[in-house]
Amino acid sequence: MLVDSHCHLDRLDYGKKHTDMAQAVARAAKRGVNHILCVSVDLATFPTMKAAIAPFPQVFASCGIHPLHKDELKDLDRLATLAADPQVVAIGETGLDYFYASETAEVQRESFAHHVNVAVELDKPLIIHTRNAQQETLDILREGQANKVGGVLHCFTESLEMAEAAIELGFYISLSGIITFRSAEALREVVKALPLERLLVETDAPWLAPVPFRGEENEPAYTRTVAECIANLKGVPIEEVAAQTTANFFNLFKLAKKAN
Ligand SMILES: [Zn+2]
Ligand SMILES: [Zn+2]
């Protein structure tokens, strides 16, 4: 059993590779991916996202504003209201992305700090997107006492030092198909050094399809490919990676209830 701990199930290009969401969910289940966390990137589309996944008890929702969605970064009032929904299991994705948008750094920081406050207030874990902003990401998590709720650094591509600092704050590290990319040698070394007890797996679909599916639209079924890569790197059976990352997921996202 595997969990896709981070994807955007509502953003797959339905009508092409999959006829609809039910088919994408079924294809995932066929490869042992029995649960999926559908991650919100803005508040405007949150209600439609929630409605779209409602028929699937094995698909969970988060609520938040992605750091690159700059139009909404100042519209924070509604976040606490929408995120209080009992079906929302986590706050995010939020965080800092200085790789693609260093020019909006200040407003990203404000939005991120607000998300941390809301997470602590609602007692829900955080889903963090972080690129090229290691120190400031950790600073904001510490200042906001994010250790009270924990969370995950998703689609991790940063240094071992950052991963270890986040783990010390009670966070998990989630790995995506990027670990299969030929250019990701340094990241694979980081993966080898991290304890399986602190890892999650994800696809971040529809983006970042792993090798050998690059160029295709990504989908939750490919979580298995990410887990296989981790198993190879660590020299353990895929079953062990699946069991541990699934246990980690339900340990972190306590409001997510096993559906099967
Ligand atoms: Zn992200
Ligand atoms: Zn994402």
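**Strands and helices, by question**

Student: Which residue in strand 5 is the bridge partner of Thr94?
Tutor: This model is predicted, with local features needing pLDDT of at least 70 and side-chain atom pairs counting only at pLDDT 80 or more, while totals for chains, interfaces and linings use all residues. Residues are numbered from 1 along each chain as its sequence is written, and chains are lettered from A and ligands numbered from 1 in the order in which they are written. Strand 4 and strand 5 (residues 126-131) run parallel and are joined by 5 bridges; strands (E, at least two residues) and helices (H or I, at least four) are DSSP runs numbered from the N terminus. In strand 5, Thr94 is partnered by Ile128.

Student: Why is strand 4 largely enclosed, and how many of its residues are buried?
Tutor: A residue is buried if 20 or more other C-beta atoms, placed from the backbone, lie within 10 Å of its own, exposed if 12 or fewer, and partly exposed in between. Strand 4 spans residues 88-97 and is largely enclosed by the rest of the structure because the number of its 10 residues that are buried is 9.

Student: In what order do the strands form the sheet, which strands stand at its edges, and what is the average twist?
Tutor: The open sheet has 8 strands, paired in parallel in the order 1-2-3-4-5-6-7-8. Strand 1 (2-7) and strand 8 (199-201) are at the edges with a single partner strand each, so one side of each has no neighbour in the sheet. From one strand to the next, the twist averages 30°.

Student: Which residue in strand 8 stands opposite Leu175?
Tutor: Strand 7 covers residues 171-175 and pairs with strand 8 in the parallel sense over 3 bridges. The residue of strand 8 opposite Leu175 is Val201.

Student: At what angle does helix 1 run to strand 2?
Tutor: Helix 1 (residues 21-30) lies across strand 1, strand 2 (33-38) and strand 3 (59-63). Angles run from 0 to 180 degrees between the N-to-C directions of axes, which are lines fitted to C-alpha atoms, for helices over the stretch in contact. The angle of helix 1 to strand 2 is about 135°.

Student: How wide an arc do the buried residues of helix 7 cover?
Tutor: Helix 7 (residues 160-168) has Met162, Ala163 and Ala166 as its buried residues. They lie on the same side of helix 7 because they cover an arc around the axis of only 100°.

Student: Which residues of helix 6 make the contact with helix 5?
Tutor: The axes of helix 5 (residues 105-122) and helix 6 (residues 134-143) come within 9 Å and cross at roughly 35°. Helix 5 contributes Arg109, Phe112, Ala113 and Val116, where contact needs C-beta atoms, placed from the backbone, within 7 Å. From helix 6 come Glu136, Ile140 and Leu141.

Note on methods:
Two strands pair if DSSP finds at least two bridges between them. Two residues are in contact if their C-beta atoms, placed from the backbone, lie within 7 Å. The arc is that of the directions from the helix axis to the C-beta atoms.
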